[in-house]
Structures are given as C-alpha cells and as structure tokens.
Amino acid sequence: MRETRGVRFKLLRPGVTREEVERAADVCATRGEGDREKLERVMLYGQSAECRWKLLHEYFGEELAPGACGHCDNCLHPLEERLGLSTPEAEAPAPREGPPDVSGAKRMKKVLEVSEGDAVRVPKYGRGRVASLEDDKVAVELPDGETRTFKREFVRRG
Ligand SMILES: [Zn+2]
C-alpha cells in the first residue's frame with residue numbers, strides 16, 4: 001500500500017489480508033492526523049527498539065496481545081545485541097585446537113540461568129516453557145505443543 005507524497009508502507013508480516021490493510025487505512029484516514037505528527041511517529045518508529053508490529057498497532061490505534069511478535073528486526077535482534085552487549089555465538093571465533101579454555105569461554109558468554117518449567121521467550125516462536133536443558137541448548141515447549149531446541153543465547157526469560 002502507498003500513501004500520497006511518497007510515504008511508503010512496508011508489510012512486516014506475510015499474509016496480511018487486503019481487508020486488514022483497508023481497515024488500517026480507514027482508521028488512519030478518519031483520525032485526521034497532521035503530517036507533522038505522522039512524521040514524528042515515523043521517526044519514532046525508525047528509532048525505536050520496541051517491537052515493530054506493536055508500534056504499528058499503536059499507530060493504527062489497535063490493541064495487540066501483550067508480548068513481542070518474535071518476527072520483526074527488533075524482536076529478532078534486540079537492542080542490547082545490536083549494541084554488542086551480547087554477541088551471538090555464530091560471530092564469535094570458535095577455538096579449533098588445543099585444550100578447551102573453559103574459563104575463557106564462560107567469561108565470553110553470559111549464560112542464561114533457567115530451570116525446567118521456566119517461562120522463556122525465543123526468536124520467531126515467541127513464548128514457551130523450558131522442557132529440558134542440555135549443555136548450550138534449551139529444549140522449549142511451544143504453545144502449540146511442539147518442542148524445539150534453541151541455543152541458550154537465543155533464549156530469554158519472559
Ligand atoms: Zn516484533
């Protein structure tokens with residue numbers, strides 16, 4: 001969808017129906033917001049570390065179920081990760097040879113302390129519950145009953 005004056009909107013989620021878009025456009029049009037306020041909101045949207053989907057819902061005055069969507073860039077890459085406060089393991093060089101430096105590895109990574117049954121949040125799938133723990137992996141039972149295994153650094157309390 002496109003607004004006049006070249007302000008474009010991009011869908012952040014696949015499968016948005018035409019009806020949803022039209023409803024959102026209606027809400028937007030009837031609100032009669034000034035261009036200035038719109039610009040401020042767009043800037044806020046770009047700078048925000050909050051869930052994009054949540055911000056879009058707020059913009060259109062709709063309620064969104066609490067909790068992050070788990071799909072947008074801010075959910076998949078939280079601000080602390082982008083600021084380098086937590087480094088994904090994929091980017092850290094893995095030691096290949098020699099005895100493993102356990103103390104060094106422990107210092108490099110902040111290990112998430114969770115126990116079985118704890119409520120957690122994982123990328124893409126959202127909320128779940130810890131089913132079992134194994135070294136650097138956490139098996140999470142998802143709301144649909146499925147259990148998936150995640151690397152510990154991608155699991156957050158929630
Ligand atoms: Zn999100």
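Biologist: How many disulfides does the structure hold?

Modeller: A disulfide is a pair of cysteine sulfur atoms within 2.5 Å. This predicted model holds 0 disulfides.

Biologist: Which residues are the protein donors of the zinc ion?

Modeller: Donors are N, O and S atoms within 2.8 Å of the metal. Here the zinc ion has the SG atoms of C51, C69, C72 and C75 as its protein donors, at 2.3 to 2.4 Å. Along the chain, these donors follow the spacing C-x17-C-x2-C-x2-C. Among them, C51 and C72 link distant parts of the chain, 21 residues apart. C51 is in the loop between helix 2 (35-47) and helix 3 (52-59), while C72 is in the loop between helix 3 and helix 4 (73-76).

Biologist: What is the geometry of the site of the zinc ion?

Modeller: The site is tetrahedral, with angles of 101 to 120° among its 4 donor atoms.

Biologist: Why does C51 count as buried?

Modeller: Buried means under 20% relative accessible area. C51 counts as buried because its relative accessibility is 8%. C72 is likewise buried, with a relative accessible area of 8%, and C75 counts as buried at 16% relative accessibility.

Biologist: In what order do the strands of the open sheet lie?

Modeller: Strands of a sheet pair through backbone hydrogen bonds, either parallel or antiparallel. In this structure, the open sheet has 5 strands in the order 4-3-2-1-5, with antiparallel pairing. Strand 4 (147-151) and strand 5 (156-157) are the edge strands, each pairing on one side only.

Biologist: Over how many bridges do strand 1 and strand 5 pair?

Modeller: Strand 1 (residues 119-122) pairs with strand 5 over 2 bridges, in the antiparallel sense. R121 has R156, in strand 5, as its bridge partner.

Technical notes: Residues numbered from 1 in each chain as written. Predicted model: local features only at pLDDT ≥ 70, side-chain atom pairs only at ≥ 80, totals over all residues. Heavy atoms only, no water. Buried < 20%, exposed > 50% of the residue type's maximum accessible area, 1.4 Å probe, protein only. Donors = N, O, S within 2.8 Å, 3.2 Å for Na, K, Ca; no water. Tetrahedral: all angles 85-135°; square planar, octahedral: opposite > 155°, others 65-115°. Helix = DSSP H or I, 4+ residues; strand = E, 2+ residues; numbered from the N terminus. Pairing = 2+ DSSP bridges.
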